[in-house]
Amino acid sequence: MDYRMLGGSGCAVSSLCLGTMTFGVETDESGAHQQLDRFIEAGGTLVDTADVYGGGRSEEIIGRWFANRPSDVTEPVVLATKGRMPVDDSPNGAGLSARHLTRALESSLRRLGLEAVDLYQVHAYDPLTPLEETLRTIEGFIQAGKIRYWGLSNFTGWQLTKAVHLARALNVAGPVTLQPQYSLLAREIEWEIVPAALDAGMGLLPWSPLGGGWLSGKYRRDQRPAGATRLGEDPGRGMEAYERRGTDRTWHVIDAVQKVAEDRGVSMAEVALAWLTARPAVSSTILGARTLDQLEANLRSAGLRLTAAETATLDAASDPHPVDYPYGELGVEQRARTLPAGH
């Protein structure tokens with residue numbers, strides 16, 4: 001396992017992160033604790049959860065794991081959670097207001113059984129709450145010793161940049177990370193969001209690195225998902241829905257991943273994860289596994305280094321082909337500048 005800095009902070013984390021959205025929903029408590037034990041044994045340190053995962057059950061399961069393990073096992077863990085999404089149907093049951101975030105963090109700490117978390121992330125942008133209110137609330141959490149760093153999730157490029165520069169203007173701690181959807185099937189963040197994160201010195205914590213399982217090779221062109229898979233149980237599931245994601249481009253990317261995997265004698269998941277973990281600005285790639293076997297397979301990607309040729313093959317197959325303006329070839333050309341050669 002490699003270790004990297006958590007964005008612009010002084011905190012080191014493993015290059016792979018254990019995502020826990022399955023805990024209490026698709027993975028029972030015993031299985032979740034086995035995943036946590038194996039992840040730590042493999043040298044993993046960053047564990048990511050959220051207050052809405054399993055309706056709070058994910059945090060509760062993690063809290064009981066902390067309580068039932070010796071300190072030498074739990075001490076290396078860098079724990080991240082999130083707040084913002086709806087926890088009830090009341091007018092203030094969601095958002096980035098001082099009221100909601102304060103209650104959300106207190107509830108998370110109670111479920112976790114901890115006095116503080118290392119990374120607190122705002123789960124999405126809130127267009128109704130002034131960003132200054134959010135930043136001052138988070139600064140209060142830091143000053144109170146309840147969080148050590150904070151980050152963003154699902155922010156666009158302009159939203160990220162606004163948060164960074166407003167934090168500087170207010171002389172409060174700025175965000176150190178961004179958690180976006182990012183994979184060989186979802187590269188559009190490279191047009192604007194990745195450059196914004198690099199400019200701000202922030203690290204990326206990509207979620208859904210296997211595109212909801214598509215990049216593991218479990219689905220086929222000529223066969224609709226069936227059985228004990230996420231799309232087999234729910235073909236219309238969110239962004240990874242079979243009808244939405246099963247495009248010609250997706251199958252082209254899958255073919256390229258399969259070819260690289262076969263040539264290297266590794267799994268498709270290892271290839272897709274290795275490609276993503278090596279991308280610019282990535283601090284740690286979030287693994288989301290239902291079972292211990294799935295986690296074991298994903299952990300093997302930590303030792304895989306793709307060649308320049310393999311990376312180029314995957315880059316070409318997964319190119320989202322932006323239109324000419326502003327992100328395509330002509331738009332990039334407009335912003336380019338080179339100095340004349342010397343004489």
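**Exercise 1.** Find which residues of helix α7 (residues 189-200) are buried, and work out how they are arranged.

*Solution.* Start with the list: Ile-189, Ile-193, Val-194, Ala-196 and Ala-197 are the buried residues of α7. Buried here stands for under 20% relative accessible area, with a 1.4 Å probe and protein chains only; helices are DSSP runs of H or I with at least four residues, strands are E runs of at least two, and both are numbered from the N terminus. Next, look around the axis: these residues lie on the same side of α7 because they cover an arc of only 155°, taken from the directions from the helix axis to the C-beta atoms. An α-helix has 3.6 residues a turn, so residues three or four places apart point the same way. Finally, see what they pack against: α6 (157-170), β8 (177-179) and β9 (203-204).

A word on the model: it is predicted, so local features need pLDDT of at least 70 and side-chain atom pairs count only at pLDDT 80 or more, while totals for chains, interfaces and linings use all residues. Residues are numbered from 1 along each chain as its sequence is written, and side-chain values use heavy atoms, without hydrogens and water.

**Exercise 2.** Locate Thr-49 and trace the polar contacts of its side chain.

*Solution.* First, go to the loop between β4 (46-48) and α2 (57-67), where Thr-49 sits. Thr-49 is buried, at a relative accessible area of 0%.

Conventions
Buried < 20%, exposed > 50% of the residue type's maximum accessible area, 1.4 Å probe, protein only. Contact = heavy atoms within 4.5 Å. Polar contact = N/O pair within 3.5 Å; in protein donor to acceptor, adjacent residues only side chain to side chain.
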